[in-house]
Amino acid sequence: MTQEIEIGMGKSGRMCYALDDVAIVPSRRTRDPQDVNTSWQVDAYEFDIPIVGAPMDSSMSPDTIITLGKLGGLGVLDLEGVWTRYENPLPQLEKITHASDEEATRVLQQVYSEPIKPELITARIQQIRDAGVTVAAALTPQRTQEFYSTVVAAGVDLFVIRGTAVSAEHISQTHEPLNLKKFIYELDVPVIVGGAGTYRAAMHLMRTGAAGVLVGSGGSAVSSSRTILGMHVPMATAIADIAAARKDYMEESDGRYVQVIADGGLGTSGNFVKAFAMGADAVMMGSALARATEAPGHGMHWGREATHKNLPRGRRVSLDTVGTMEEILMGPSTCADGSMNYIGALKRAMSSTGYTQLRPFQNCPVVATPYDHR
């Protein structure tokens, strides 16, 4: 049952909630945090922790993807980023990180104007594969048809199609759009696709055969889609809606389970935990991992949308470096602001509500606390 409110005499809208607007309710039964299992699985690939590194150059390089993979998570390489445009992208990253606030957008546009080189796609994927971790790489829907054959030939394990809003029914009068259902059906590797913000959009994406659906518009910490495009997805409601679509699709498809991955706008470890309580199977993290000492952005963070040559949607932001990637994800934490030991926070919350597995934790009780963000 949804709650409609009257915005004005000629327009009504649905009441929706961000993760800040909900809270987990402890139960009468608790468990030992050591008994909690945070593993999850996409197709045949299983991971110890439900963390997906967002395909952002400020946080994910081949080296940090390997580090995340060895910690039990999944890193995703942006195949439209600096690592596939430059043989040695370090000088370009230095330009971005050292640019003034006034120059940052122009520098980003300049750096990302260099063409993508297929041979570098192959080389970067091979570098990750040689390290023995699961290989995941991302393209936008606009570039998927151009480069996907190179990606598959290079030996990618999981293919990610990520955009601000991805639909299964894109229509264009100027070019042949990506037929997502046909593309996924013919591809030999599992596909994760998004972002989706509604039940209906997610259901359409699930029906294409996607192994996972990204919830949200991605990169909310550095994106200004709400300011520039007027688009915004309150994450608590979006995750719950798309978790409902997953349940209905399971019945429709005789048991096929599609992973729901929250993407963007999570912030602290508290919101990270609440994403699972609302129904997520995993979380795609950008800004949290950009705070790691190993991050290629060295404390600066930006999304792909900020590099657009005509309509940049976002900006480069400065973040505090708080610790190594292992410390950020697994602890120990040296601060009490929710920026470190995300997995420890998840285990503690699950044990405090009596759960030892992620899927049952999706059913834990929550309350809505709008505007009470203390």
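## Ground rules

Because the model is predicted, local features need pLDDT of at least 70 and side-chain atom pairs count only at pLDDT 80 or more, while totals for chains, interfaces and linings use all residues. Numbering runs from 1 along each chain as its sequence is written, and side-chain values use heavy atoms, with hydrogens and water left out.

## A strand tucked inside

Let's start with strand S12, residues 259-263. Helices (H or I, at least four residues) and strands (E, at least two) are DSSP runs, numbered from the N terminus. Five of the five residues in S12 are buried, so the strand is largely enclosed by the rest of the structure. Here, buried means under 20% relative accessible area, exposed means over 50%, and partly exposed is in between (1.4 Å probe, protein chains only). In a regular strand, side chains alternate between the two faces of the sheet. In S12, Gln259, Ile261 and Asp263 point one way, Val260 and Ala262 point the other way, and all are buried.

Two strands pair if DSSP finds at least two bridges between them. S12 pairs with strand S11 (residues 212-215) in the parallel sense over four bridges, and Leu214 stands opposite Ile261. Strand S13 (residues 282-285) also pairs with S12 in the parallel sense, over three bridges; there, Val283 is the bridge partner of Ala262.

Thr208 sits in the loop between helix H7 (199-207) and S11. With 7% relative accessibility, Thr208 counts as buried. Its side chain reaches the backbone oxygen of Leu205 at 2.5 Å.

## Rings and a charge

Rings of Phe, Tyr and Trp (its six-membered ring) pair if their centres lie within 6.5 Å; planes under 30 degrees apart count as stacked, over 60 as edge-to-face and the rest as tilted. By this rule the count comes to six aromatic pairs. One of them, Trp40 with Phe47, is tilted, at 5.7 Å centre to centre and 35 degrees between the planes. Both Trp40 and Phe47 are buried. For Phe272 and Phe276, the ring centres are 5.1 Å apart and the planes are at 80 degrees, so this pair is edge-to-face. These two sit four residues apart in helix H10 (residues 269-277), which puts about one helical turn between them, and both are buried. Tyr148, Phe159 and Phe183 form one aromatic cluster.

There's a charge over a ring as well: Arg359 lies over the face of Tyr257, at 3.6 Å from the ring centre. The rule asks for NZ of Lys or CZ of Arg within 6 Å of the ring centre and within 35 degrees of the ring normal.

A nonpolar core is a set of buried Ala, Val, Leu, Ile, Met, Phe, Trp, Tyr and Cys residues joined through side-chain atoms within 4.5 Å. The largest one has 107 residues, and those touching the most other members are Phe159, Met206, Ile239, Phe272, Met285, Leu329 and Phe361. Helix H9 (residues 235-252) gives the largest share of this core, seven residues.

What does Phe272 contact beyond its neighbours within four places in sequence? The list is Ile51, Leu266, Val283, Met285, Tyr342, Ile343 and Leu346, with contact meaning heavy atoms within 4.5 Å. Tyr342, Ile343 and Leu346 are among the buried residues of helix H13 (residues 342-352), along with Ala349, Met350 and Ser351. The buried residues of H13 pack against strand S6 (51-53), H10, S13, helix H11 (287-290), helix H12 (325-330) and helix H14 (358-361).

Two cis peptide bonds are worth a look. One joins Gly194 and Gly195, with omega about 20 degrees; Gly195 belongs to strand S10 (residues 191-196). Another joins Gly331 and Pro332, with omega about 5 degrees, and Pro332 lies in the loop between H12 and H13.

Asn341, found in the loop between H12 and H13, has a positive phi of about 55 degrees although it is not a glycine. Just after H13, Gly354 takes a positive phi of about 90 degrees. His298, in the loop between H11 and strand S14 (300-301), has a positive phi near 50 degrees. His298 is exposed, with a relative accessible area of 55%.

Conventions:
Polar contact = N/O pair within 3.5 Å; in protein donor to acceptor, adjacent residues only side chain to side chain.
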